[in-house]
Structures are given as C-alpha cells and as structure tokens.
2 protein chains.
Amino acid sequence: VSQTLTVALDAMGGDHGAPVVVRGADIAAERFPFARFLLVGDQAKIEPLIKSQMRLQGRYEILHTDQAIPNEMKPSQALRQAKQSSMRLAIEAVETGTAGCVVSAGNTGALMALAKIVLKTLPGIDRPAIASFMPTERGETVMLDLGANIECDAENLLQFAIMGQAFARSVLGLKDPRVGILNVGSEELKGNDLVREAASLLRASPLAASFHGFVEGTDIAKGTVDVVVTDGFTGNVALKTAEGTARLVSHFLRQSLQTSLLAKIGALLSAGALNKLKLRMDPRRYNGGMLLGLNGVCVKSHGGTDAIGFANAIGVAVDLVQHRFNDMVSADLALHPVPAKQAAGGGGSA
Amino acid sequence: VSQTLTVALDAMGGDHGAPVVVRGADIAAERFPFARFLLVGDQAKIEPLIKSQMRLQGRYEILHTDQAIPNEMKPSQALRQAKQSSMRLAIEAVETGTAGCVVSAGNTGALMALAKIVLKTLPGIDRPAIASFMPTERGETVMLDLGANIECDAENLLQFAIMGQAFARSVLGLKDPRVGILNVGSEELKGNDLVREAASLLRASPLAASFHGFVEGTDIAKGTVDVVVTDGFTGNVALKTAEGTARLVSHFLRQSLQTSLLAKIGALLSAGALNKLKLRMDPRRYNGGMLLGLNGVCVKSHGGTDAIGFANAIGVAVDLVQHRFNDMVSADLALHPVPAKQAAGGGGSA
C-alpha cells in the first residue's frame with residue numbers, strides 16, 4: 001500500500017473548475033502521502049493556482065488540453081466531439097496505466113459514457129452502476145444504482161448486487177455484507193416484475209446466503225442491510241429525497257432554536273454538539289459516486305462541492321484502488337454463470 | 001359545514017385495533033363537533049372501550065360484525081372471502097350514504113381493492129391513487145401515488161396530476177397549485193419513457209399552465225411544487241426514504257446532545273424549541289393516506305399509529321368531505337378529453 005499511486009484529475013470539471021480541483025488535490029496530498037496527481041486541463045489556469053499549494057509541490061504533473069466538457073453536453077456529443085477533453089484524457093490515463101484512478105466533478109452522463117467506452121466494463125458486467133455511501137443508524141450502507149441506468153433488467157440488478165457486495169467486503173471491510181433489493185414492502189409477493197425476478201435470480205446465485213430479501217425506503221437509514229440494490233431511476237430519487245429531507249430537518253432545527261431567548265442560549269451551549277451533528281450529516285462526507293463495473297477506478301464528485309468534498313471523492317477513488325475492489329468483483333463474477341443473452345452476444349467471457 | 005357528518009370507522013383495522021380507533025374517534029369528536037361515528041366491528045370489544053370516552057357519548061353507533069381482515073390477507077382474498085368484514089361494511093356505509101367518509105388503519109391492499117369495487121372510481125379515472133402531505137420548507141406539498149399502483153402508464157400519471165391539483169386547490173386552499181413530475185433531473189430529456197410521455201400529455205392538457213415540469217427528489221422537501229406526481233413504486237420508496245431519513249437525523253441529534261455536559265444543559269434550555277421541532281416532524285401529523293379518485297372519501301391511516309395519529313387521519317377525511325374535493329375533481333375531469341382506450345372500453349363517460 002506504500003507504493004506510489006497516481007490519481008488522474010479532470011481539472012476542468014465541476015461548477016467551480018480548477019480552483020476546487022487543485023485545492024482538493026492539495027488536501028488529499030496531505031491525507032495520502034503516497035499519492036501523486038495528474039492534473040488534466042488548461043495549463044494556464046492550473047499553474048497559477050498550484051503554486052501556492054505547498055503539499056502538492058513535486059507531486060503533480062499537468063497534462064495540458066484546451067477542451068473541456070460543458071455540463072449541458074449530451075453523452076453522445078461527448079463521445080463524438082470531446083476527444084481531447086480534460087475528462088476523456090484523464091480517463092485515458094487510467095486506461096494506459098499512467099494513473100491508477102480518475103476523479104471528475106464534471107458532467108455525469110458524459111463521464112459515464114466516456115468511462116465505459118475508454119475503460120470498458122469488467123467481463124460479466126453489462127452496465128456499470130453508480131454507487132455511494134448512505135449514513136445509517138448502524139454505520140454506512142452502500143446503495144446502487146444511483147442514476148447511471150434509468151431502465152434496468154433483473155440481470156442488471158443481480159450484477160449490481162455482486163458489485164455492491166464485493167464493495168462492502170473490500171472497502172467497508174465487512175465479512176458477510178447483507179444485500180437487499182429496494183421495494184415497496186418486504187413481503188415476497190410485493191413489487192413489480194423487475195424486483196421479483198431479480199430476487200429469484202439472487203436466490204439462485206452464489207450470493208443467495210447473503211441475500212436478505214426486499215427492503216423498504218425506511219430500511220436505508222435504519223441500516224437493515226449493508227447493500228441496497230435498485231434501478232437507477234428509483235435509486236436517484238431515493239438518494240435525492242434523503243438529501244432533501246436531511247436538509248429540511250436541519251432547516252427546521254435552526255428555525256426552532258431561534259424561537260426564544262432560552263432556546264438561543266441553549267443552542268449556544270450545545271453549539272459543539274450541534275456542530276458534530278452537522279459534520280455527521282455533511283454531504284461532503286458522502287461525496288464521491290463510484291462508477292462500479294469498469295476496467296479501472298473512476299469516481300464522480302458532486303459538481304457543486306468544495307475542496308474538502310473533492311478531496312473526499314479522491315479518497316473514495318484511493319480506497320477502491322487500495323482495497324483491490326476490481327479484483328474482488330472479477331473473482332466473484334467468475335463464480336457466477338454467464339447469463340444467456342451475454343453468452344449469445346459473445347460480449348463477456350468471464 | 002355545520003351539518004352532521006357521519007364518519008365510518010373500521011374499528012378492527014390497524015396493529016392495535018379497537019382501542020386506538022375508539023380513542024382516536026374520541027379525540028376527533030372534540031375537534032369536529034358536527035361529526036358522528038359509525039364504529040364497524042366486534043361489539044363485545046368496542047362497547048367496553050367506548051363507555052369511558054365521554055365526548056363520544058350520544059354520537060356513535062356500532063355496526064356489529066365478527067369478521068376482520070388480517071394484515072397478511074391478499075387483496076384478491078379480501079374481495080372473495082371478506083364480505084362481512086369490518087373494513088368492507090365500513091366502506092359500504094359510504095356507498096349507501098349512511099356515512100360521508102370512511103377511515104381504516106387496516107391492510108392497505110385490501111382497502112384499496114374493496115374501496116375500488118364498492119365505491120367505484122370517478123368517471124374519467126382508471127385507477128385510484130394514494131396521496132399524502134409531505135412537510136416542506138415552504139409549507140406542505142401533496143405527493144401521489146404512494147403505492148396503490150406499482151405499474152403506471154402516462155395516462156395514469158395525468159389523472160394523478162388532475163387529482164393532486166384539485167386536492168391542492170380544495171383542501172390546501174391554493175389558488176394556482178404548481179404540479180411537477182418526479183424524475184432523475186429537471187431537464188426535458190431526462191428520465192424514462194413513462195415520465196417523458198406523461199409530461200407531454202400534461203403539456204397538451206388543460207393543466208398545462210400549472211405544469212412546472214420535472215422535479216427531483218430534493219425538490220420534495222424544498223417545496224418547489226405543490227403537487228408531486230409519480231408512479232406508486234417510486235412514490236412509496238420516496239415517502240419511506242423521507243420518513244427514514246427524518247428519523248435518522250433526529251437520532252443523530254439526540255446522540256449529539258448527549259456527548260457532553262454542556263450539550264446536555266444546552267439541550268435542557270432548548271427543550272421547548274426541540275419539542276417544537278419534534279411536533280413539526282411528528283409522523284402523526286402526516287398520518288392519513290387519501291385514496292383519491294373514488295366515488296366517495298376513503299382514508300388510510302398508518303397501521304401502527306396511536307389515537308392522536310388516527311384522529312388526524314379522521315381529520316383528513318373530514319377535510320376532503322368539507323372541501324368537496326370529489327366535486328372539484330369531477331369538474332376538472334369533465335374538461336379533459338376522455339383518453340382513447342377508455343372511450344373504446346366504454347368505461348368512463350365524463
């Protein structure tokens with residue numbers, strides 16, 4: 001683990017671009033003394049920023065390019081027109097082995113499309129998924145897919161389950177992570193064809209012993225299972241609903257604590273504790289959507305995050321490399337029979 | 001509004017059955033002096049409970065039946081085997097005009113199926129939906145469907161939008177409520193075929209001027225729109241994820257306030273304010289899923305609620321009757337062209 005790891009960064013991605021990426025890299029440089037950074041983007045913008053970041057000195061390279069992918073660019077356009085973009089070149093650095101992982105705060109759809117075309121999916125994986133941590137009463141749960149695949153079939157959900165379970169074992173260090181499929185009720189007959197079919201695939205798979213069954217929306221925050229599997233539409237709505245609700249409760253709390261003088265004094269005395277709560281719920285802690293299922297480690301940071309959030313996204317990428325997540329997934333996939341349609345298509349040979 | 005309104009209650013429904021229903025009715029009796037209660041269920045269980053409830057005296061009747069619907073009974077079984085159940089008889093009281101509305105804390109699937117078969121849907125409505133209030137930064141938003149319809153088509157979502165908008169006008173008293181369709185992004189091209197098709201139906205409907213477009217999970221708690229329209233699968237997951245997250249943040253808050261003596265003293269001083277927050281987030285405040293689209297008012301209470309929560313569910317039913325919600329929906333539906341498949345089926349003539 002003490003070997004050097006080069007992290008490729010899309011220095012032009014995100015709402016704030018290079019300033020946040022460079023400062024994020026600087027924070028990560030302190031946290032991960034073995035890391036080096038390949039900053040891909042406009043040299044004229046990156047260089048003046050990097051001079052004042054002491055921890056980065058001697059530990060970075062700049063790969064210059066003029067092209068950047070705007071937030072509104074469609075994935076299909078990104079594939080055709082953005083061959084020299086900072087995002088694509090950063091991903092290519094992983095493909096060629098120059099870097100061990102890549103982090104971008106840019107356009108999610110473009111990142112997904114480019115990562116898939118450049119890195120390719122792991123043998124046995126049809127479609128990569130976006131995964132993230134969710135805070136729970138019992139610690140942390142990983143949920144996927146969070147929006148990469150709006151329409152899924154049962155086989156996709158099975159593959160998400162395999163990836164999520166390997167993730168929980170490798171990165172979270174759990175011995176026997178439990179997997180649940182997100183549904184409208186926990187009874188076997190509940191839900192639509194997709195989740196019922198995915199449940200029977202799971203029960204017939206090597207993962208059967210780790211399969212908890214269906215879980216409901218309330219189970220995410222309870223931490224009923226370690227891995228919550230769902231399609232990208234539902235997962236995206238659930239993730240953003242949770243974010244919105246957490247913000248709403250904080251908003252109500254702030255309002256309540258300003259209703260009386262007594263409450264204000266109380267809030268002052270509890271300031272340390274309330275701050276701890278704020279840190280615990282800090283969305284920057286959960287920044288970093290992992291694109292799982294690719295032949296390489298690729299992490300998406302929230303577009304609007306700050307340097308601390310971006311450093312956390314780098315941390316997620318470093319974790320995935322250090323815990324050899326991809327090796328573990330590949331080993332698991334080798335245990336699963338190749339699904340019929342894939343064998344027929346000749347695509348994936350595990 | 002000062003006329004008598006009889007509320008039919010499934011006295012056997014819910015996790016706690018008659019004790020919670022009877023005490024809930026007693027609380028509602030004080031809140032709604034014009035209300036009377038028809039308690040449907042086992043007379044031997046109801047009578048001893050009701051004697052000590054002073055506010056109910058002279059304002060109730062008991063309709064005896066031995067049969068009750070268990071929580072695990074399938075809707076199809078409920079339709080065939082539960083003809084004399086407390087739930088069915090309570091719904092029939094609305095159909096015959098004996099009662100103006102019905103409230104049950106029992107089996108949701110059975111309630112939905114029985115209400116649909118006994119009360120029938122309003123002309124122009126294919127499928128009833130379950131709606132509920134969600135707390136937001138700006139007040140309250142109504143969201144539907146929350147689980148009645150696991151698979152929906154675009155026409156269903158249009159009908160949900162019509163019902164939700166009429167609901168916001170009648171019960172919430174809003175002049176021009178804004179309607180949004182829940183999606184993974186706000187851009188027009190986002191999402192699956194279902195939401196995109198529903199959006200174009202809405203844009204071509206008399207509701208077009210009230211249609212905000214797509215909203216994301218974070219928009220629910222922000223209160224971006226007054227009515228959030230979604231299919232029953234996504235809506236159920238979003239509702240329960242929001243409930244779970246709110247509980248998680250409260251849990252974290254309690255933990256934080258116990259970490260130091262200073263925090264504990266602060267919490268004592270802020271106790272009034274924190275209590276206000278608790279009341280504001282109280283799930284009992286939002287108890288009462290409304291089955292919209294039926295020829296009659298039917299409200300589902302949470303199965304696990306207490307008497308206060310059950311009284312709130314009665315309050316929701318009373319509101320729907322008093323604000324003539326169904327008349328308003330029927331008037332709105334008359335403005336909408338009858339969809340082709342319905343006209344062909346000969347089912348609904350508006």
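Buried means under 20% relative accessible area. All views below show a predicted model.

View 1. A:Cys101 has a relative accessible area of 0% and is buried. A:Cys298 is buried as well, at 2% relative accessibility. A disulfide is a covalent bond between the sulfur atoms of two cysteines. The cut-off for such a pair is a sulfur distance within 2.5 Å. The closest cysteine sulfur to that of A:Cys101 belongs to A:Cys298 and is 9.4 Å away, which is too far for a bond. A:Cys298 is likewise in no disulfide, its nearest cysteine sulfur being that of A:Cys101. A search over all chains of the structure returns zero disulfides.

**View 2. The open sheet of chain A.** The sheet has 11 strands, with mixed pairing, in the order S3-S2-S1-S4-S11-S10-S5-S6-S9-S7-S8. Strands S3 (60-64) and S8 (211-215) of chain A stand at the edges; each has a single partner strand, so one side of each lacks a neighbour in the sheet. On average, neighbouring strands are turned by 25° against each other, direction ignored.

**View 3. The S7 and S8 pair of chain A.** Strands of a sheet pair through backbone hydrogen bonds, either parallel or antiparallel. Strand S7 (residues 179-182) of chain A pairs with S8(A) in the parallel sense, over four bridges. Within this pair, A:Ile181 has A:Phe214 of S8(A) as its bridge partner.

**View 4. Helix H4 on the sheet of chain A.** Helix H4 (residues 86-96) of chain A packs on the sheet. The strands of chain A that helix H4 touches are S1 (5-10), S2 (35-41), S3, S4 (101-104) and S11 (297-300). The direction of helix H4 makes about 160° with that of S1(A).

**View 5. The two copies and their axis.** Chain B is superposed on chain A by a rotation of 180° with 0.0 Å of shift along the axis, at an RMSD of 0.1 Å. The two copies are therefore related as by a two-fold rotation axis. B:Gly266 comes closest to the rotation axis among the residues of chain B, with its C-alpha at 1.8 Å. Because 100% of the interface residues of chain B are also interface residues in chain A, the copies meet through the same surface.

**View 6. Nonpolar cores.** The largest nonpolar core has 112 residues, and B:Leu9, B:Phe37 and B:Leu320 have the most contacts inside it. Helix H6 (residues 154-170) of chain B supplies the largest share of this core, 10 residues. Residues touched by B:Leu9 include B:Val21, B:Phe37, B:Val103 and B:Ile314. A second, separate core of 111 residues includes A:Ala78, A:Ala99, A:Phe214 and A:Met290.

How values were computed:
Residues numbered from 1 in each chain as written. Chains lettered and ligands numbered in written order. Predicted model: local features only at pLDDT ≥ 70, side-chain atom pairs only at ≥ 80, totals over all residues. Heavy atoms only, no water. Buried < 20%, exposed > 50% of the residue type's maximum accessible area, 1.4 Å probe, protein only. Pairing = 2+ DSSP bridges. Helix = DSSP H or I, 4+ residues; strand = E, 2+ residues; numbered from the N terminus. Axes fitted to C-alpha atoms, helices over the stretch in contact; angles between N-to-C directions. Contact = heavy atoms within 4.5 Å. Least-squares fit on C-alpha atoms with pLDDT ≥ 70 in both. Core = buried A, V, L, I, M, F, W, Y, C linked by side-chain atoms within 4.5 Å. Lists of a residue's contacts leave out its neighbours within four places in sequence.
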